[in-house]
Amino acid sequence: MLLTNPVFMGVILMTLLCFFRFNVLLSVLLSGIFVGVWSKYMHLEHLDFISFFTQLPQAMMDSMKILIDGMQGNLQTALSYILLGAVAAAISKTNLTAYLIKLVSNFISHRKYVLILSLALIACFSQNLIPIHVAFVPLLIPPLLMIFNKLKIDRRAIACALTFGLTTPYMVVPLGFGLIYQTLLVDNLNSNGVLINLDQVSNTMIFAVICMLVGLFLAVFVFYAKPREYKEEQISKMDFDNLTMGKKEWGVLAGLGLTLLLQILTHNLPLSGLLGFVLMVLLGGVEYNKVNLVFDDGLKIMGYIAFVMLVASGYSEVLKQSGGIDELVRVSVPFMDQSHFLAILIMLAIGLLITIGIGSSFGTIPIIATLFCPICLQLGFSPVAIIFIIGVAGALGDAGSPASETTLGVSVGLNADGQGDHIKDTCIPTFIFFNGSLLVLGSIIAFFLL
């Protein structure tokens, strides 16, 4: 029965805990323990009160062991995140990003739509070319708020432009965070019976650009195109006039170049990040006596997300060994077989719910791959369709989630003068235009990929 299925109950429990703002890491761990314990007891015909409590400690220990053993499935991804965090920390301790902003801002501060679309492009670079992720927003946006006010730009359009750039590249470009995401897709689909390679993922996920571009167009040129007035507030500005490219900046830039080149040649992000960071140290981009400090800052930036992904991988292993997935497939497939389009829509909606709760697309992938791969295979979906469904289902919810790094970072920049609301001006607009387009258009595209 569906309502007593351990996988179904575990995912609902995890999502509810995350929705009620309970710690994400603890939510996944508790849900994993619950799934393991429930899957053991539900098969027992007779269980009295005393037997339940005497067997409970062993059941919990067994569940935790499965979860910990399963964490190795995401070790490469976690290491990639930590090393990329160190690279991002090294960038943040130089004037490299600010210098790039200075160069670009001279060309984008005059025309409204050129400015908005340029911000989306710069945000794209933060995911692959200069993998600093959302950390560039507090540097770039506050100095531009006065220009936004002068041009009467609705900040909800800016939020959508930045979110487009922070989300789209990791789905479609196999560099930086995109290489992490797409490698994660390959590993988890392969481990769940869908044999694919990285080139297939890159060629398939390019279709997600259509959904994101539609959302960006509607937000910027239709719904938030009207002028909007803001109060003129004094904001502390960065001294762009005295920025220089010194030894540290050139050293970090060389390390970034090596990291980017090695990613293209090897598709191995941990090795690329490691060697790029070492080159930064050798060339003086990171002072030798400050390597520990920079690496600690990298752990602060990315370490938590890395652990969420590790635990998510362990959680997916608990789901596999619970035996509930086979039952879930048996119950779901006859219903979904009536309408493949409806089946796709339901899977994408479930991905949306999980990602909004967790706040991390990367942490969602191991969970939904475990759930959806058996269903998709049973329904006879093509590998290309499965790649697209799980890739989009994972990304759904990154935009619009109050707990997502993407929305939190964007809000920090747009609220530098106290006139940006995290929910109304960031979460709701990005949720509507990007989750809406990914859900509707993504379902249509996936249907044609079957």
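A nonpolar core here is a set of buried Ala, Val, Leu, Ile, Met, Phe, Trp, Tyr and Cys residues joined through side-chain atoms within 4.5 Å; buried means under 20% relative accessible area, exposed over 50%, and partly exposed in between (1.4 Å probe, protein chains only). Helices are DSSP runs (H or I, at least four residues), numbered from the N terminus.

This is a predicted model, so local features need pLDDT of at least 70 and side-chain atom pairs count only at pLDDT 80 or more, while totals for chains, interfaces and linings use all residues. Residues are numbered from 1 along each chain as its sequence is written, and side-chain values use heavy atoms, with hydrogens and water left out.

Zoom in on Met 205. Leaving aside neighbours within four places in sequence, Met 205 is in contact (heavy atoms within 4.5 Å) with Met 171, Val 172, Leu 185, Ile 387, Phe 388, Gly 391 and Val 392.

Next stop: Ile 365, in helix α17 (residues 361-379). Is Ile 365 buried or exposed? Buried, with a relative accessible area of 0%. Beyond four places in sequence, Ile 365 is in contact with Tyr 181, Leu 184, Leu 185, Asn 188, Ile 390 and Gly 394.

Then select Gln 76, Thr 77, Ser 80, Leu 179, Ile 180, Thr 183, His 267, Leu 269 and Pro 270, which line the second largest cavity. On a 1 Å grid over the protein atoms alone, a cavity is a set of points where a 1.4 Å probe fits but cannot get out, and lining residues have an atom within 4 Å of a point. α4, α9 (177-191) and α13 (269-282) are the elements that give two or more residues to this lining.

Finish at Lys 152, in the loop between α7 (137-150) and α8 (155-172). Lys 152 has a positive phi of about 55° without being a glycine. Most residues other than glycine have a negative phi. Lys 152 is partly exposed, with a relative accessible area of 34%.

Methods: On a 1 Å grid over the protein atoms alone, a cavity is a set of points where a 1.4 Å probe fits but cannot get out, and a pocket is an open set with protein on both sides within 12 Å along at least five of seven lines; lining residues have an atom within 4 Å of a point.
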